[in-house]
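Good morning. I will take a few minutes to walk through one protein chain. Please have the picture open while I talk.

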Amino acid sequence: MIKPYLQVLDELDPCYLECDGLTSVISSLLTGAGVSHRIFIGSAKTEGNFGISPHLWIEVDDYVIDYRLRMWLGDDPSIPHGVFKKSEYSHITYSGSANESSGDREPIARVLCLTAGVVYDDLAFKLKESLQGAV
């Protein structure tokens, strides 16, 4: 189970970045740590058809990484947040298309971290260190 190792990404949650910027930063960090993942662009909706489009998120195996859905759908425990399994939130429908990562040396990711007060290299180190326990 990779979830506990990815929770170092929680440090990015307080950043003032929306789903596109945060997805770029997280994808860059995951690529640098050697974690295979897919970036998705599409929509996320509740059973009541309340949702957000366009929306971006990341999938790693059967986990979703999405720290911004609550920004749009409300700060409610029924709305997924962080690193979670889609199956745990069957009332939320994610639909979209997978896109390629721009790599671990994405300058935009570094700039976004800088403007958000996060030291990219420090977080990259923490993620790699955390993932060593997953091997």
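This is a predicted model: local features need pLDDT of at least 70, side-chain atom pairs count only at pLDDT 80 or more; totals for chains, interfaces and linings use all residues.

The protein has five helices and five strands. Reading from the N terminus, the order is α-α-β-β-β-α-β-β-α-α. Along the principal axes, the C-alpha trace spans about 40 × 30 × 25 Å. How does the radius of gyration of the protein fit with that of a compact globule? For 135 residues, a compact globule would come out near 14 Å, and the protein has 14 Å, so the two agree.

Next, contacts and surface. Take the contacts in the protein with a separation of 6 or more: 56% of them are between residues 24 or more positions apart. Of the 135 residues, 45% count as buried. The protein exposes about 7200 Å², and carbon and sulfur atoms supply 51% of that. As for charge, there are 11 positive and 19 negative side chains. The centres of these two sets lie 2 Å apart.

Now the inside. The largest nonpolar core has 29 residues. Which of them touch the most other members? They are L6, L9, L12, I26, L29, L30 and I65. Several elements each supply at least two residues of this core: helices α2, α4 and α5, and strands β2 and β3. If you want to find them on the sequence, α2 covers 19-32, β2 covers 51-60, β3 covers 63-66, α4 covers 107-116 and α5 covers 120-132.

Look at L9 as an example. Setting aside residues up to four places away in sequence, L9 touches I26, L29, L30, I65, Y67 and L127. There is also a second, separate core of 12 residues, and F40, F84, I92 and Y94 are among them.

Is V64 buried or exposed? Its relative accessibility is 1%, and buried means under 20%, so V64 counts as buried. Beyond its neighbours within four places in sequence, V64 is in contact with W57, I58, E59, G82, V83, F84, K86 and Y94. S87 is 23 residues away from V64 along the chain, and their C-alpha atoms are separated by 10.0 Å.

P54 lies in β2, and a cis peptide bond joins S53 to P54, with omega about 0 degrees. In the loop between β2 and β3 we find D61. D61 is not a glycine, but it has a positive phi of about 55 degrees. The relative accessible area of D61 is 63%, and the cut-off for exposed is over 50%, so D61 is exposed.

R110 is found in helix α4, and at 25% relative accessibility it counts as partly exposed. R110 and S24 are 86 residues apart in sequence, yet 9.5 Å apart in space, C-alpha to C-alpha. Q132 lies in helix α5 and counts as exposed, at 60% relative accessibility. Q132 and D20 are 112 residues apart along the chain, and their C-alpha atoms are separated by 28 Å.

That is the end of the tour. Thank you.

Conventions. Residues are numbered from 1 along each chain as its sequence is written. Side-chain values use heavy atoms; hydrogens and water are left out. Helices (H or I, at least four residues) and strands (E, at least two) are DSSP runs, numbered from the N terminus. The radius of gyration is taken over C-alpha atoms; the globule rule is 2.2 Å times the number of residues to the power 0.38. Buried means under 20% relative accessible area, exposed over 50%, partly exposed in between (1.4 Å probe, protein chains only). Contact means heavy atoms within 4.5 Å. Accessible areas come from the Shrake-Rupley method with a 1.4 Å probe; for residues, only the protein chains shown count as cover. Lys and Arg count as positive and Asp and Glu as negative; His and the chain ends are not counted. The place of a charge is taken as NZ of Lys, CZ of Arg, CG of Asp or CD of Glu. A nonpolar core is a set of buried Ala, Val, Leu, Ile, Met, Phe, Trp, Tyr and Cys residues joined through side-chain atoms within 4.5 Å.
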